[in-house]
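Please read it alongside the sequence and the model.

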Amino acid sequence: MKKIYLFLAAIVAAGSATAQVETTISADFVNQYIWRGQDLGSVAVQPTLGIGYKGLSLTAWGSYGLSNPDDAKELDLTLAYTVGGFNVGITDYWLSEGLDPKARYFKYDAHATNHVFEVNVGYDFGPVALQWYTNITGNDGTNKDDKRAYSSYAEVSAPFTLVGVDWTATLGVVPYATTYYETNGFAVTDLSLRASKDIRITDSFSIPVFAQFTANPCSQKAYLVFGFTLQP
């Protein structure tokens with residue numbers, strides 16, 4: 001009888017653990033792909049598949065051009081951990097354009113790969129969140145001495161609500177020269193203001209829509225992005 005009780009307790013514990021596992025399935029549709037103040041493509045679909053458990057998450061994210069066949073395809077894998085306001089993670093970026101002309105996903109040679117590995121650390125204080133990103137290997141950019149730049153990007157963001165709409169203001173900077181972000185030194189590359197709101201379709205279904213204005217003072221470019229999200 002004792003063994004039966006232990007077996008039932010194990011089943012309950014497993015069921016409890018399973019209940020805490022979170023799965024993310026969604027897809028964004030955007031009129032152009034803007035990343036950290038850089039123009040990476042035109043109309044695109046950007047799917048997300050993720051799983052999380054007690055602050056630990058593994059997420060796959062991609063971007064695929066819908067209107068321009070020359071836009072690079074992208075597949076990113078991110079392993080992250082969050083506890084309280086603190087977060088840390090590592091991302092493997094892969095693009096169909098890079099050092100490998102054959103665009104082989106499983107080619108990881110440091111000098112002939114389309115992968116870039118980036119680590120990040122940050123803290124969300126509530127009114128303001130800070131984040132730091134640094135490339136550690138792969139198809140990174142170079143500095144003024146034509147050496148690996150260990151390209152970095154720092155960001156501060158502030159969310160707020162105004163007239164029933166969720167807003168986020170973002171300031172992003174590149175601290176030193178790198179061809180990865182096309183900067184010659186310290187530069188502000190991302191000044192963004194994003195608004196998002198759920199549009200109710202039925203009593204049980206709504207579609208999140210968003211618009212974002214982004215200016216890149218370094219490149220003297222500005223963009224207006226619109227998109228919506230589909231999710232179960």
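**Salt bridges and a hairpin**

R36 forms a salt bridge with E118, and their closest N and O atoms are 2.8 Å apart. R36 sits in the loop between β2 and β3 and E118 in strand β8 (residues 115–124), so the pair ties together parts that are 82 residues apart in sequence. The model is predicted: local features need pLDDT of at least 70, side-chain atom pairs count only at pLDDT 80 or more, and totals for chains, interfaces and linings use all residues. Residues are numbered from 1 along each chain as its sequence is written, and side-chain values use heavy atoms, leaving out hydrogens and water.

**Salt bridges**
- The count comes to two salt bridges (a side-chain nitrogen of Lys or Arg within 4 Å of a carboxyl oxygen of Asp or Glu).
- R36 and E118 are both buried (buried is under 20% relative accessible area, exposed over 50%, partly exposed in between, with a 1.4 Å probe and protein chains only).
- R104 forms a salt bridge with D100, with the closest N and O atoms 3.1 Å apart.
- R104 is partly exposed at 38% relative accessible area, whereas D100 is buried at 2%.

**Hairpin**
- Strands β2 (residues 33–35) and β3 (residues 38–41) pair in the antiparallel sense over three bridges (pairing takes at least two DSSP bridges; strands are DSSP runs of E, at least two residues, numbered from the N terminus).
- Y33 stands opposite G41 in β3.
- Two residues lie between the strands of this hairpin, where R36 takes a positive phi near 55°.

**Strand β1**
- S26 lies in strand β1 (residues 22–30) and counts as buried at 14% relative accessibility.
- Leaving aside residues up to four places away in sequence, S26 touches Q46, P47, T48, T229, L230 and Q231 (contact means heavy atoms within 4.5 Å).

Key: Helix = DSSP H or I, 4+ residues; strand = E, 2+ residues; numbered from the N terminus.
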